[in-house]
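Work through the exercises below with the sequence and the coordinates at hand. Each task is followed by a worked solution.

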Amino acid sequence: MKLSNTGMYLLNGTELIADGANATDEISSKTGKQVSKEEAKKNTIAYSILEAHNTSGNMEELQIKFDKLTSHDITYVGIIQTARASGLTKFPIPYVLTNCHNSLCAVGGTINEDDHMFGLTCAKKYGGIYVPPHQAVIHQFAREMLAGGGKMILGSDSHTRYGALGTMAMGEGGPELVKQLLNRTYDIKMPEVVGVYFTGSPRKGVGPQDVALAIIGEVFDKGYVKNKVMEFVGPGVANLSVDFRIGVDVMTTETTCLSSIWKTDAKVEEFYEIHGRKEEYKELNPGDVAYYDGMIEIDLSEIKPMIAMPFHPSNTYTIEELKKNLFDILDDCEKRAKVSLDGQVDFTLKDKVRDGKLYVDQGIIAGCAGGGFENICDAADILRGASIGPDEFTLSVYPASTPIYMELVRNGAVADLMATGAIVKTAFCGPCFGAGDTPSNNGFSIRHSTRNFPNREGSKLQNGQISSVALMDARSIAATAANKGFLTAADEADVNFTKPKYFFDKTIYENRVFDSKGVADENVEIKFGPNIKDWPAMSPLPKHMFLKVVSEIHDPVTTTDELIPSGETSSYRSNPLGLAEFTLSRKDPEYVGRAKEVQKIQKLIEADTCPGEVSPEFHAVIKRVKEDFPEVSRQNIGVGSTIFAVKPGDGSAREQAASCQKVLGGWANIANEYATKRYRSNLINWGMLPFVIEEGDLPFTNGDYLFIPDIYDAVAEKKSVIKAYVVKDDALKEFELKLGELTDDEREIIEKGCLINYYKAQ
């Protein structure tokens with residue numbers, strides 16, 4: 001794999017020319033025409049799709065309107081509640097509500113099914129589409145029934161990626177979907193486009209997860225595609241089935257790219273024809289001369305079976321390399337665990353080594369990445385006639401949709417899998433985020449799913465529990481299962497892949513999915529379960545701001561799972577106050593209590609009551625500040641909490657990673673950088689300031705008060721550098737915070753206190 005250190009021109013989809021002083025002359029000699037870099041940039045597939053959906057008239061400052069929206073049952077309640085509070089009367093474009101995350105109605109009594117009934121009645125009232133639990137995971141339904149060539153889809157799940165089907169899709173926090181529901185736009189600067197140039201064909205036994213992990217391992221730490229669009233081109237694309245392309249594409253989220261798009265061909269056309277939607281196919285290719293801001297060159301024949309060891313998809317090795325250097329790599333995992341787990345529990349995988357071989361306790365093939373038809377058929381081919389054995393090792397397989405499951409039943413793959421001792425289950429995303437198949441304490445699971453962050457498998461550090469996940473392709477998981485749990489790469493298996501043809505039967509969708517066909521019925525009464533609560537009132541930005549630092553995180557990256565845990569907490573996603581109690585619970589259990597103490601002060605100030613008795617500490621702080629800023633008074637200040645994290649926001653699109661802080665009185669984050677655009681957007685949409693501070697010695701520590709004078713004016717006047725003070729030891733120590741670029745709308749959202757307030761004001 002090769003990453004270019006310059007831009008790259010692609011000629012006729014087959015020849016690469018590095019950007020340089022003589023590049024345009026070389027292109028001219030080969031093509032017989034002059035093409036500028038600016039013109040060539042417009043010849044990417046990404047540019048053409050973004051241009052078709054941009055409403056601003058300015059391709060440098062995009063205002064995108066999407067064709068369709070999609071959410072699942074962890075996110076749609078909050079989104080619709082926000083939109084309702086902001087004036088929603090009808091879904092203006094197709095909006096699909098799937099139920100694949102909170103499908104298990106076991107934890108929390110009626111909570112999850114109450115959310116489903118809320119979703120169904122909202123689909124009827126506002127004119128949407130409702131997919132019942134266990135019918136399909138969100139992304140497979142979108143592939144089968146929503147994607148279209150040249151279209152754009154916005155989803156409230158971070159793995160919203162349908163580029164392999166010619167659809168540019170993006171995963172964002174819920175407020176960005178609210179904007180679309182209220183006929184507003186998705187506003188971003190024109191993103192850079194990085195090409196992924198495939199040549200060759202995959203080796204036997206190598207699957208899409210292997211290719212994806214190889215890419216993630218190469219680009220993640222470098223930030224090579226962060227907030228950019230990945231465009232898959234080159235002659236090697238034609239050598240991949242559509243299922244294979246989909247399996248690579250969905251994992252591009254783990255590179256931190258903004259979106260993805262692929263060239264399309266007859267295989268993609270056949271996919272649409274199989275699914276009864278041939279009219280949605282559109283041939284997409286870059287222009288004769290296209291310019292990319294970077295290029296990833298990959299010879300598919302060089303990719304070997306891969307594994308991403310705990311606790312990140314970028315912690316990658318070939319399985320061959322892991323076997324050769326087993327104890328060195330396990331040592332490295334233990335060092336990483338000390339950082340990821342904050343030393344809360346002892347972690348080792350060395351006790352999994354038996355007779356020099358690594359033993360795993362569990363295999364999972366599931367969800368939007370692993371549950372595809374081809375993945376499961378290949379796994380069944382490897383396992384046919386084998387046994388997973390009667391020991392600790394277990395294997396669970398989750399087809400990504402009921403139509404896939406039905407076809408696997410009809411072609412015998414399910415019977416072959418079950419005969420080995422494997423369990424085949426319904427479409428469910430739980431194993432990907434810690435709500436299903438939690439291993440035993442100290443257990444080790446290998447999964448063809450999307451993430452392996454700490455706790456994504458369901459363990460709870462605060463209870464002294466730890467298990468861990470490595471990511472692998474379905475084929476190598478099957479080979480390991482056939483070897484009764486001893487780690488085995490698929491290229492070690494003696495197998496004939498039968499590659500059965502897929503036949504899509506949409507009968508189950510016709511029988512079970514509610515589709516309003518875009519017709520809203522205002523007479524439908526929304527069903528509210530007792531757990532479904534409205535958003536609490538949120539304060540606007542004050543003239544002067546006091547922030548208390550209530551958590552300080554120095555991990556290289558902080559994931560959204562650490563900011564608001566997944567798993568059983570998902571049942572409370574419809575209850576802002578209830579869910580907020582879990583904020584940072586696995587990373588900093590003291591956070592909630594500290595934040596609430598600060599929030600008490602703000603509530604007293606809003607009641608025009610002196611907070612001195614509640615907090616003598618704050619009384620001393622404001623007294624010291626008034627010595628230098630005598631204009632400060634209860635009438636013009638606000639008091640909130642903030643956290644510092646080096647690089648927060650990697651992972652899920654879940655808005656609750658930000659909104660839970662806001663509900664507890666958070667008014668800012670301070671970071672060296674933000675891991676993803678979507679987390680920063682979530683902060684802004686919930687009225688929180690996304691401050692950035694230079695790397696190095698922090699001027700403050702956990703528990704310090706910060707004073708930011710004239711913050712309202714600074715935001716309104718578009719200042720990018722803001723003067724702040726640490727109030728400590730009876731002194732004010734000055735330092736600088738940066739806000740980065742904000743659109744006019746984003747500034748007004750922050751001024752008003754959140755997106756809901758912003759729309760109410762209009």
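**Conventions.** This is a predicted model, in which local features need pLDDT of at least 70, side-chain atom pairs count only at pLDDT 80 or more, and totals for chains, interfaces and linings use all residues. Residues are numbered from 1 along each chain as its sequence is written, and side-chain values use heavy atoms, with hydrogens and water left out.

**Exercise 1.** Determine how helix 24 (residues 656–663) is covered and what its buried residues pack against.

Solution.
1. Helices are DSSP runs of H or I with at least four residues, strands are runs of E with at least two, and both are numbered from the N terminus.
2. Buried means under 20% relative accessible area, exposed over 50%, and partly exposed in between (1.4 Å probe, protein chains only).
3. By that criterion, eight of the eight residues of helix 24 are buried.
4. With contact taken as heavy atoms within 4.5 Å, the partners of these buried residues include helix 22 (591–606), strand 28 (637–645) and helix 25.
5. Just after helix 24, Gly665 has a positive phi of about 95°.

**Exercise 2.** Locate Asn672 and describe its surroundings.

Solution.
1. Asn672 lies in the loop between strand 30 (666–671) and helix 25 (677–685).
2. Its relative accessible area is 18%, so Asn672 is buried.
3. Leaving out residues up to four places away in sequence, Asn672 touches Phe644, Ala645, Val646, Val692, Ile693, Glu694 and Glu695.
4. At 3.0 Å, the Asn672 side chain reaches the backbone oxygen of Ile693.

Methods:
A polar contact is a pair of N or O atoms within 3.5 Å; within protein, one must be able to donate a hydrogen and the other to accept it, and residues adjacent in sequence count only if both atoms are side-chain atoms.
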